[in-house]
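Thanks, everyone. I would like to walk slowly through one structure today, starting with its overall layout and ending with a spot on its surface.

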Amino acid sequence: MRSVTPIPASTLPMTSEKETVAMDIMGMMKKAQAVQAKLQEAQEELGRLEVEGQAGGGMVSLTLNAKGELRGVRIDPSLLTPADKEMLEDLIIAAFTDGKAKADRAAAEKMQALTAGLPLPPGMKLPF
């Protein structure tokens, strides 16, 4: 029968602290790359998502994407008179403000869903 001599723990190969840190950094890098890819995808989706801002009971309607870029304008023909010029200008601004608020909400919801579970400090938003 052969006897087995125990090997002292100090001679066993162990993962050094530097190797552990390097593995942690590699894991973090992979996670960062995955988040970056998701952010890029989300930005593209926000460019395709459209919202509509309205004013004057729908007499002025603007279409914006979720990035806040203006995509279309619809003005009721009854507003196209010289006497209504100033009112029309105000309605366009109001419709844009309405649409921009909707676009911002849609973008915030998308980003919130994307960053759910990430350990971000309170108030920190992505993309940076």
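This is a predicted model: local features need pLDDT of at least 70, side-chain atom pairs count only at pLDDT 80 or more; totals for chains, interfaces and linings use all residues.

As a general point, the strands of a sheet pair through backbone hydrogen bonds, and the pairing can be parallel or antiparallel. Here the three strands make an open sheet, ordered β1-β2-β3, with antiparallel pairing. Strands β1, residues 50-55, and β3 are at the edges, each of them pairing on one side only, and from one strand to the next the twist averages 15°. Between β2, which covers residues 60-65, and β3 there are five bridges, and Val60 has Ile75 in β3 as its bridge partner.

Helix α2, residues 85-115, packs on this sheet and touches β1, β2 and β3, while its direction makes about 145° with that of β1.

Now for the surface, where the protein exposes about 9,800 Å², with carbon and sulfur atoms supplying 60% of that area. Which residues make a nonpolar surface patch of about 260 Å²? They are Leu70, Val73 and Phe96. Leu70 belongs to strand β3, residues 70-75, and because its relative accessible area is 44%, Leu70 counts as partly exposed. Of the 128 residues in the protein, 21% are buried.

Definitions and conventions:
Residues are numbered from 1 along each chain as its sequence is written. Side-chain values use heavy atoms; hydrogens and water are left out. Patches are made of residues with over 30% relative accessible area and no salt bridge: like charges are joined within 9 Å, nonpolar side chains (Val, Leu, Ile, Met, Phe, Trp, Tyr) within 5 Å. Accessible areas come from the Shrake-Rupley method with a 1.4 Å probe; for residues, only the protein chains shown count as cover. A salt bridge is a side-chain nitrogen of Lys or Arg within 4 Å of a carboxyl oxygen of Asp or Glu. Helices (H or I, at least four residues) and strands (E, at least two) are DSSP runs, numbered from the N terminus. Buried means under 20% relative accessible area, exposed over 50%, partly exposed in between (1.4 Å probe, protein chains only). Two strands pair if DSSP finds at least two bridges between them. Axes are lines fitted to C-alpha atoms, for helices over the stretch in contact, and angles run from 0 to 180 degrees between N-to-C directions. Contact means heavy atoms within 4.5 Å.
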